[in-house]
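Take a walk through this fold with the sequence beside you.

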Amino acid sequence: MKTASWILWICILIAIFFLGRCSKRCEKVETVKVETVTETRVDTITVVEPVETVRTEIRRETIAAPADTVYLPGDTVRIEVPIETKEYRDTLYALQIEGYRARLNWVEVYPRTEYIYRTEIKTISSPLRRWSLGPSVSYGYDIKNNCWAPSVGVSVHYALWSW
């Protein structure tokens with residue numbers, strides 16, 4: 001009788017093992033959240049020696065200049081001076097000046113500084129294990145002695161729900 005009960009227990013454990021192997025495995029749950037934030041900032045640009053791109057003569061003006069190093073009233077020479085416009089252009093700026101004594105007509109500045117921040121959140125949960133084997137402490141009905149009694153042993157569990 002004892003060998004039959006041991007064989008029965010071994011057969012039950014083998015059956016439970018193969019049932020666990022045949023059961024459907026839970027797949028991994030993967031959540032990927034990608035957040036991209038683009039921030040544009042305005043910077044100060046200093047151009048020391050801009051490069052001339054366009055030069056156009058507008059007109060000529062006559063100005064009075066001293067004829068000598070010593071200035072006397074009426075001692076002047078008439079000089080024809082070209083009045084020009086000049087444009088300076090780059091990927092960061094554009095400006096235009098004009099005149100004999102230069103005068104700034106306009107300036108356009110194109111500062112482009114972009115900061116891109118990217119945040120990735122990945123959540124990967126491990127597969128749920130339905131079958132488990134572990135120690136057991138319980139209280140139940142003892143068939144041999146016909147009474148309620150505590151028991152200690154090893155048990156095989158199948159989880160129907162998990163939290």
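Which residue in strand 5 is the bridge partner of glutamate 98? The partner is arginine 103. This is a predicted model, in which local features need pLDDT of at least 70, side-chain atom pairs count only at pLDDT 80 or more, and totals for chains, interfaces and linings use all residues. Residues are numbered from 1 along each chain as its sequence is written, and side-chain values use heavy atoms, with hydrogens and water left out.

Now the overall layout. The chain has one helix and eight strands. Read from the N terminus, the order is α-β-β-β-β-β-β-β-β. Helices (H or I, at least four residues) and strands (E, at least two) are DSSP runs, numbered from the N terminus. The chain holds 163 residues, and 11% of them count as buried. Buried means under 20% relative accessible area, exposed means over 50%, and partly exposed lies in between (1.4 Å probe, protein chains only).

Go back to the opening pair. Strand 5 covers residues 103-109, runs antiparallel to strand 4, and is joined to strand 4 by six bridges. Two strands pair if DSSP finds at least two bridges between them. Strands 4 and 5 form a hairpin with four residues between the strands. Glycine 99 in this hairpin takes a positive phi near 110°.

Glutamine 96 belongs to strand 4, residues 93-98. Because its relative accessible area is 15%, glutamine 96 is buried. Its side chain is joined to that of tryptophan 106 by a polar contact of 2.9 Å. A polar contact is a pair of N or O atoms within 3.5 Å; within protein, one must be able to donate a hydrogen and the other to accept it, and residues adjacent in sequence count only if both atoms are side-chain atoms.

Move on to strands 7 and 8. They pair in the antiparallel sense over twelve bridges. Aspartate 142 stands opposite cysteine 147 of strand 8. The two strands form a hairpin with four residues between them. Asparagine 146 lies in the loop between strand 7 and strand 8. What is its phi, given that asparagine 146 is not a glycine? The value is positive, about 55°. Most residues other than glycine have a negative phi. Asparagine 146 is also exposed, because its relative accessible area is 56%.

Aromatic rings come next. A pair of aromatic rings is described by the distance of the centres and the angle of the planes. Rings of Phe, Tyr and Trp (its six-membered ring) pair if their centres lie within 6.5 Å; planes under 30 degrees apart count as stacked, over 60 as edge-to-face and the rest as tilted. By this rule there are two aromatic pairs. Tyrosine 139 and tryptophan 148 have ring centres 6.4 Å apart and planes at 10°, so they are stacked. Tyrosine 141 and tryptophan 148 have centres 5.5 Å apart and planes at 70°, so this pair is edge-to-face. The ring pairs link Tyr139, Tyr141 and Trp148 into a cluster. Tyrosine 139 and tryptophan 148 are both exposed. Tyrosine 141 has 45% relative accessibility, so it counts as partly exposed.

Where does the helix come in? Look at the second largest pocket, with a volume of about 280 Å³. The elements that give two or more residues to its lining are helix 1 (2-22), strand 7 (131-142) and strand 8 (147-158). On a 1 Å grid over the protein atoms alone, a pocket is an open set of points where a 1.4 Å probe fits, with protein on both sides within 12 Å along at least five of seven lines; lining residues have an atom within 4 Å of a point. Grid points are joined across faces, edges and corners, and a volume is the space filled by probe spheres set on the points.

Helix 1 gives the largest share of this lining, five residues. The lining includes Trp6, Trp9, Leu13, Leu133, Ser136 and Val156. By class, it has eight nonpolar, three polar and no charged residues. Here Ala, Val, Leu, Ile, Met, Phe, Trp, Tyr, Cys and Pro count as nonpolar, Asp, Glu, Lys and Arg as charged, and the others, Gly among them, as polar.

End on valine 156, which lies in strand 8. At 33% relative accessibility, valine 156 counts as partly exposed. Valine 156 and leucine 13 are 143 residues apart in sequence, but 8.3 Å apart in space, C-alpha to C-alpha.
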